[in-house]
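Please keep the structure open while you go through them.

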Amino acid sequence: MIAIIDYGMGNLRSVQKGFEAVGAEAIVTSDSRKILSAKSVVLPGVGAFKECMANLKKLDLIDTVHQSTKSGKPFLGICLGLQLLFNQAEEFGHVDGLGILPGKVVGFKDAQPKSDSGEPLKIPHMGWNRVRVTPGNPLFDSVADESYFYFVHSYYIVPEDPAIVATTTCYGIDFASGIHQENIHAFQFHPEKSQRLGLTILKNFSRLH
């Protein structure tokens, strides 16, 4: 059983349907007992970083996420679920994150990304973009390097430890679009919205032990 953490933020049903499409059983739940007893855990998320942290706190799920990442069981963060793992976000000031991974979340507006022709790129970064993969990542088995995945975000992660970067993407600047540290996998793009290759990633995750 895969537990998808329900804290009121994110396309929870689409993530669940993605796992169901590859034959994996997944439940959407805010029950800490079910989350902690699951084989694998997924933290999705869209929206504002501050609101997501407030919802996790209100539902008493912050410790549950920490326990899940420390348990050794496969853990997957999607979009804001990646960003929340870090120390803080520079979103309308500074907002504390979960602090599971050292680093911060910053905005594209400060980087002022530009196209090859020098034109300012639109924010948010929205649509299909190429993902470069660090060799050996188990979730990219049967997925070619520099494949395209679907993004929707205005902020990106800056990890303190470059060794945890699993994927990078260019949007005027090169940024870390995914991380992998031991049992923790997390991506800025949306596998559940990335058609066949995204479903392959979900299938590979569901097979981890």
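1. By class, the second largest pocket of this predicted model is lined by five nonpolar, three polar and three charged residues. Here Ala, Val, Leu, Ile, Met, Phe, Trp, Tyr, Cys and Pro count as nonpolar, Asp, Glu, Lys and Arg as charged, and the others, Gly among them, as polar. The lining is made up of His125, Met126, Gly127, Trp128, Asn129, Arg130, Arg132, Glu146, Tyr148, Cys170 and Tyr171. Strand β8 (residues 125-133) gives the most to this lining, with seven residues. The pocket holds about 170 Å³ of space.

2. A word on how to read the entries. Residues are numbered from 1 along each chain as its sequence is written, and side-chain values use heavy atoms, with hydrogens and water left out. As the model is predicted, local features need pLDDT of at least 70 and side-chain atom pairs count only at pLDDT 80 or more, while totals for chains, interfaces and linings use all residues. Helices (H or I, at least four residues) and strands (E, at least two) are DSSP runs, numbered from the N terminus.

3. The largest pocket has a volume of about 210 Å³. Of the 16 residues that line this pocket, Gly47, Cys79, Val152, His153 and Ser154 are the closest to its centre. For the method: on a 1 Å grid over the protein atoms alone, a pocket is an open set of points where a 1.4 Å probe fits, with protein on both sides within 12 Å along at least five of seven lines, and lining residues have an atom within 4 Å of a point. Grid points are joined across faces, edges and corners, and a volume is the space filled by probe spheres set on the points.

4. Now for the backbone. Most residues other than glycine have a negative phi, and most peptide bonds are trans. Where does this chain depart from that? A cis peptide bond joins isoleucine 123 and proline 124, with omega about 10°. Proline 124 sits in the loop between α6 (108-111) and β8. In that loop one also finds glutamine 112, whose phi is positive at about 50° although it is not a glycine. Aspartate 60, in the loop between α3 (49-58) and α4 (62-70), has a positive phi of about 60°. Aspartate 60 counts as exposed at 60% relative accessibility, and glutamine 112 counts as exposed at 54%. On this scale, buried means under 20% relative accessible area, exposed over 50%, and partly exposed in between (1.4 Å probe, protein chains only).

5. How many aromatic pairs does a search of the whole structure find? The search gives twelve. Rings of Phe, Tyr and Trp (its six-membered ring) pair if their centres lie within 6.5 Å; planes under 30 degrees apart count as stacked, over 60 as edge-to-face and the rest as tilted. Phenylalanine 108 and tyrosine 171 have ring centres 5.7 Å apart and planes at 70°, so they are edge-to-face. Because phenylalanine 108 lies in helix α6 and tyrosine 171 in the loop between β11 (165-170) and β12 (174-181), this pair ties together parts that are 63 residues apart in sequence. Phenylalanine 108 is buried at 0% relative accessible area, and tyrosine 171 counts as buried at 14%.

6. A second pair is formed by tryptophan 128 and tyrosine 150, with centres 5.8 Å apart and planes at 70°, so this one is edge-to-face too. The pair links strand β8 with strand β9, 22 residues apart. Tryptophan 128 is partly exposed, at 41%. Elsewhere, one aromatic cluster includes Phe108, Phe140, Tyr156 and Tyr171.

7. What is the count of disulfides? The count is zero, a disulfide being a pair of cysteine sulfur atoms within 2.5 Å. For cysteine 52, the nearest cysteine sulfur is that of cysteine 79, 9.1 Å away. Cysteine 52 counts as buried at 0% relative accessibility, and cysteine 79 counts as buried at 5%.
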